[in-house]
Amino acid sequence: MVCAAPALSISILLLQLLIVAEAGVPTHGAGPVVPAVIILGDSIMDPASELGVKETLPAYLGTKLSAQDLLTGVSFASAGTGFDPATATLASVIPMRKQLEMFAEYEERLRTLVGEEKAASIIAESQFVVCAGSNDVVQFLANPLNNRTSKGIANYSKFLMQSNSRIVQDCLRLDACQHNEPWSEEFIGSALTKAMNLHRRFEESKKGCCGTGVLEAGVLCNSLSPPCSNPSQYVFWDSYHPTERANKVMVDKVVKDYLHFLQ
């Protein structure tokens, strides 16, 4: 089961990236293609540089934000969060609903800075990225005695979909999301197939670079579990997180195969 975790998480991560692209990123041209980028959910995604906005997105919390920071977008994301509020509680991170509350506060700051009309225009034309779900799956697998998980994967999946729907509805009320038609099974299957095929670019895709590659993650990757000598040939840095090269391959794949379709 542990050895299967990297394959599971890379599939989820890549599927999320492909779906984000399908959802409506503008065509990449000269200069910024959107005025701002806003990120919610987990903290693994930052497409600002690919969209020509800025090198990286600053965090909304714990950061002294300049006027330019506010005008070009920030990240409300929190590593380890998910659609299930219990996931954020277990990881002691910021839940999705709290992130939406911070976004509402950000909107007010933007209106104070540039006025109602200009702020509305920036929000309407910005690229919003919501990346979540994989941490919920990890918590499900790691806590088999949890009240929700004990009801089985089918019931938990329904619960996640309901949680996701509530977040989207709140998002719509805040003008932070645009309504899209549900993705077909054919699209999901195609995206997942492409995601799984990316591992062929690497020498090792079944274990991480850190320590044994099947157990360590996060702080457990330390001097007692030294990394491999060639991380660029690994899909995973540890038992869960992709390497820098794997992340770049994923983003490049989205940009190359999807952005030119999206006007």
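**View 1. C221 is partly exposed in this predicted model.** Its relative accessible area is 21%; partly exposed lies between buried (under 20%) and exposed (over 50%), using a 1.4 Å probe and protein chains only. C221 sits in the loop between β3 (204–208) and β4 (234–236). Strands are DSSP runs of E, at least two residues; helices are runs of H or I, at least four; both are numbered from the N terminus. C221 touches C210, E216, W237 and D238, leaving out residues up to four places away in sequence. Contact means heavy atoms within 4.5 Å. W237 is 16 residues from C221 along the chain, and their C-alpha atoms are 9.2 Å apart.

**View 2. T87 is buried in helix α3.** The helix covers residues 85–91. T87 counts as buried because its relative accessibility is 1%. Beyond neighbours within four places in sequence, T87 contacts G80, T81, G82, N135, D136, Q139 and Y156.

**View 3. The largest nonpolar core has 26 residues.** Such a core is a set of buried Ala, Val, Leu, Ile, Met, Phe, Trp, Tyr and Cys residues joined through side-chain atoms within 4.5 Å. Y60, F76, F103, Y106 and L110 touch the most other members. β1 (37–41), α4 (96–114), α5 (116–125) and α7 (153–173) each give two or more residues. α4 gives the largest share, six residues.

**View 4. Y60 and its contacts.** Beyond neighbours within four places in sequence, Y60 contacts L65, V74, S75, F76, M102, E105, Y106 and R109. A second, separate core has seven residues, including V34, V37, L57 and A77.

**Notes.** Residues are numbered from 1 along each chain as its sequence is written, and side-chain values use heavy atoms, without hydrogens or water. In this predicted model, local features need pLDDT of at least 70 and side-chain atom pairs count only at pLDDT 80 or more, while totals for chains, interfaces and linings use all residues.
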